[in-house]
Amino acid sequence: MLLPAIDTASLTRPISNAELAEQRQRDRAAGRARQGPAIALAVLLGAIGVGCLALLAVGIVAAFGWNWFAVLAIVAAGAVVAAIAAGVVAVWRLVTGMPAKAEARLHRFAALNGLEYEPNAAPRLPGHLFEQLRGKPRNSRFSTRSGRAVEIGNLLFLQPRAGTSVSVSIGPVGSTSASADRRSYWRYVAVQLDGPLPHMVLEPQGRTTDGRAFPVGFDADQHLSLEGDFDRHFHVFVPKQYERDALYVFTPDLMAAMIDEAPGMHIEIVDDWVIFSRNGRADFTAPSTWAAIERIANRAASGIVERGGRYRDERTRGETSTAGRETVLRTVAPAGRRLER
């Protein structure tokens, strides 16, 4: 198996005091706990402001007997309280993310399953999903500590609608935004291959381009029609003159696995990675999420890993002085490394 069996039992067990203390230490080390005094000060100033406003309203009513001032004071005080509450919540979520117990649970889950959990990291993988990030990208991810490199995560890149502001908060199960378009969130599963393959993209049928990161508009003459009903599920794009290479990789068994285990997912083979992605955030606290991740990695991606391990690009043939015969290099010729747009 590419991804070892995942034990999700720890996602539902209570967090101990020691685990909570360890998480608070992580927060302090990451600078997420330093804003506590600032938040307390903001609450205090807000309370003082509301009190002053209330006293002013009472004084005006007592002096002039204008009852409508009392109504105005109540409305204004309510607005101030609401604004302060919203600001405090936004700042708190930005600084600390999700509650410490939830984040501690994910760290524990990762440690018990041989994974490394990074709640707020810079994206590092190749491919259009990562290269097309807009604004300030955030990456909440799990990655294997040993064996084959597998990375699972959530990505946020901001695509706000015209005239809206964007407020972002980073939490242990991904990033959220109060006003950003939901389509700015992508979940993904990435598996490293044994060597590079030609750049190939499988775009699920029925997707629209309005406000989405995909598709990216590849040249139409790079579209490859595969056998059976695979075209009903995915549009396949491969570099020109690499059609036979794609047919070598996408065997009937692999195409069936793609249909069964990765329906509706954007699949990109780029350099020595295969990346399965989909619009929306993954809930890493849900056992069902990890069951789906295991199926993608161990059933769909495994076929690409197997075929990729034997693939050689014949266009990279070159002379070797020692063997006295041509050898095929473990790389891809420049023409096959990226699709044209």
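Colleague: How many aromatic pairs does this predicted model hold?

Modeller: The count comes to 10 aromatic pairs, with ring centres required to lie within 6.5 Å.

Colleague: Why is the pair of Tyr 248 and Tyr 311 called tilted?

Modeller: Planes under 30 degrees apart count as stacked and those over 60 as edge-to-face, with the rest tilted. The ring planes of Tyr 248 and Tyr 311 stand at 45°, so this pair is tilted; the centres are 6.4 Å apart.

Colleague: Which parts does that pair tie together?

Modeller: Tyr 248 belongs to helix α6 (residues 243–249), while Tyr 311 is in the loop between α8 (287–310) and β12 (317–319), so the contact joins parts 63 residues apart in sequence.

Colleague: Are the two tyrosines buried or exposed?

Modeller: Buried means under 20% relative accessible area. Tyr 311 has 4% and counts as buried, whereas Tyr 248 has 28% and is partly exposed.

Colleague: What sits over the ring of Tyr 248?

Modeller: The charged end of Arg 307 does, 4.0 Å from the ring centre. Elsewhere, Arg 315 lies over the face of Tyr 242, 3.7 Å from the centre of that ring.

Colleague: Which residues are linked into a cluster by ring pairs?

Modeller: Phe 109, Tyr 117, Phe 142, Phe 284 and Trp 290.

Colleague: Which residues of the largest nonpolar core touch the most other members?

Modeller: In soluble globular proteins, nonpolar side chains tend to be buried together. Here the largest such core has 51 residues, and Phe 250, Met 258, Phe 276 and Trp 290 touch the most other members. Helix α8 supplies the largest share of this core, eight residues. A separate second core of 10 residues includes Leu 129, Phe 130, Trp 186 and Val 270.

Colleague: What does Phe 276 touch?

Modeller: Leaving out residues up to four places away in sequence, its contacts include Arg 187, Tyr 188, Val 189, Met 258, Ile 296 and Ile 304.

Colleague: Is strand β11 largely enclosed or open?

Modeller: Six of the seven residues of β11 (residues 273–279) are buried, so the strand is largely enclosed by the rest of the structure.

Colleague: Which strands pair with β11, and in what sense?

Modeller: Strand β6 (residues 185–192) pairs with β11 in the antiparallel sense over seven bridges, and Trp 186 has Asn 279 as its bridge partner in β11. Strand β10 (residues 266–270) is also antiparallel to β11, over five bridges; there, Val 270 is partnered by Trp 273.

Colleague: Where is a positive phi found in the hairpin of β10 and β11?

Modeller: At Asp 271, near 55°, in a hairpin with two residues between the strands.

Definitions and conventions. Residues numbered from 1 in each chain as written. Predicted model: local features only at pLDDT ≥ 70, side-chain atom pairs only at ≥ 80, totals over all residues. Heavy atoms only, no water. Phe/Tyr/Trp six-rings, centres within 6.5 Å; stacked < 30°, edge-to-face > 60°. Helix = DSSP H or I, 4+ residues; strand = E, 2+ residues; numbered from the N terminus. Buried < 20%, exposed > 50% of the residue type's maximum accessible area, 1.4 Å probe, protein only. Lys NZ or Arg CZ within 6 Å of the ring centre and 35° of its normal. Core = buried A, V, L, I, M, F, W, Y, C linked by side-chain atoms within 4.5 Å. Contact = heavy atoms within 4.5 Å. Pairing = 2+ DSSP bridges.
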